[in-house]
Amino acid sequence: MSYQLIRYTTEGPLAWLCLDRPEKLNAISAAMIAELNHAMDRAEADEAIKVILVEGAGRAFSAGFDLDMGTGEELGSNPDDETLKAVMRRELTHDFDIIMRFWDCPKPTIAAVHGYCLGSAMELAVACDITLSTSDCRFGAPEVKFGSGIVALLLPWFCGPKKAKEWLLTGNDRITAEQAEAWGLVNQVISAEALRDSARAMAREIAANDQLAVRLTKQAINRGLDTAGMRKALLDALETDVEIESTETEESRAFNEIMKNQGTRAAIKWRAAQND
């Protein structure tokens with residue numbers, strides 16, 4: 001497969017997956033998801049690769065899933081409720097699966113994030129076993145601002161329900177790296193100049209260990225969270241996201257019309273004005 005939206009490189013026992021759509025702040029499109037899945041297959045099948053790292057090109061890790069990914073052509077002009085839900089469920093499941101691919105990967109995964117790490121891209125970074133961030137990185141979950149739901153509701157499992165509600169219900173997209181570290185979403189905050197070298201050093205330290213022990217220890221930790229109900233909770237939350245994305249209200253119709261004709265800023269400003 002020839003990659004157009006990511007870069008795949010190896011350094012001895014390390015595989016680097018670089019989101020490479022900098023002109024769109026590495027927004028994750030359906031085509032990028034396909035390339036990421038192929039790259040993950042490749043890294044997992046290569047016995048020489050012991051750790052997988054993911055990073056972003058340009059000035060951001062990623063702004064999240066591409067808002068232009070939509071399913072309009074497939075749905076037609078006037079889909080019934082069940083057709084709409086079925087299409088949304090399939091598309092959101094694809095999104096969910098690429099996030100959880102890094103969690104479920106049998107090999108350790110490390111995210112090295114910088115600039116902006118927003119929406120579902122933040123969920124992907126959190127789903128990695130280890131997350132390293134530059135000090136200037138900003139995290140955010142602005143989905144409620146757009147009338148959208150959370151694809152992989154991991155935050156309550158990492159930072160607790162109180163902080164998760166504060167973050168997700170306000171749609172805050174300016175969380176600092178230091179806050180993210182304090183809340184348990186980031187392992188280390190590092191200078192921009194040292195990010196890649198630090199990620200490489202940690203990956204090589206992991207790669208130097210007994211690989212059976214590393215793999216089974218990761219499995220045991222993840223299995224413990226699944227025993228506590230995490231996987232079922234995530235799937236239930238995904239179904240809630242389907243409900244959110246497939247339900248149209250008078251407010252959502254007006255918001256989407258303004259966003260289409262005047263842009264996102266105008267739509268958000270309009271919604272805020274409704275509560276003045």
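Trainee: What volume does the second largest pocket have?
Mentor: Let's start with the ground rules. This is a predicted model, where local features need pLDDT of at least 70, side-chain atom pairs count only at pLDDT 80 or more, and totals for chains, interfaces and linings use all residues. Residues are numbered from 1 along each chain as its sequence is written, and side-chain values use heavy atoms, leaving out hydrogens and water. For the second largest pocket (an open set of points on a 1 Å grid with protein on both sides within 12 Å along at least five of seven lines), the space filled by 1.4 Å probe spheres set on the points comes to about 330 Å³.

Trainee: Which residues lie nearest the centre of that second largest pocket?
Mentor: The lining of the second largest pocket has 20 residues, each with an atom within 4 Å of a point. Those nearest its centre are Cys 128, Asp 129, Ile 130, Ile 221 and Asn 222.

Trainee: Which element gives the most to the lining of the second largest pocket?
Mentor: Helices (DSSP runs of H or I, at least four residues) and strands (E, at least two) are numbered from the N terminus. Helix H4 (119-127), strand S6 (130-134) and helix H8 (211-227) each give two or more residues to the lining of the second largest pocket. With six residues, the most comes from H8.

Trainee: How many helices and strands does the protein chain have, and what share of its residues count as buried?
Mentor: The protein chain has eleven helices and nine strands. Buried means under 20% relative accessible area, exposed over 50% and partly exposed in between, with a 1.4 Å probe and protein chains only. Of the 276 residues, the buried share is 45%.

Trainee: Is Thr 134 buried or exposed, and which residues does Thr 134 contact beyond its neighbours within four places in sequence?
Mentor: Thr 134 lies in strand S6 and is buried, with a relative accessible area of 1%. Contact here means heavy atoms within 4.5 Å. Leaving aside neighbours within four places in sequence, the contacts of Thr 134 are Val 113, His 114, Gly 115, Ala 177, Val 189, Ile 190, Ser 191, Ala 192 and Leu 195.

Trainee: What phi does Leu 25 have?
Mentor: Leu 25 lies in the loop between strand S2 (14-19) and helix H1 (30-45) and is partly exposed at 23% relative accessible area. Most residues other than glycine have a negative phi. Leu 25 is not a glycine, yet its phi is positive, about 55°.

Trainee: And what relative accessible area does Asn 26 have?
Mentor: Asn 26 is also placed in the loop between S2 and H1, and its phi is positive at about 55° although it is not a glycine. Asn 26 is buried, with a relative accessible area of 0%.
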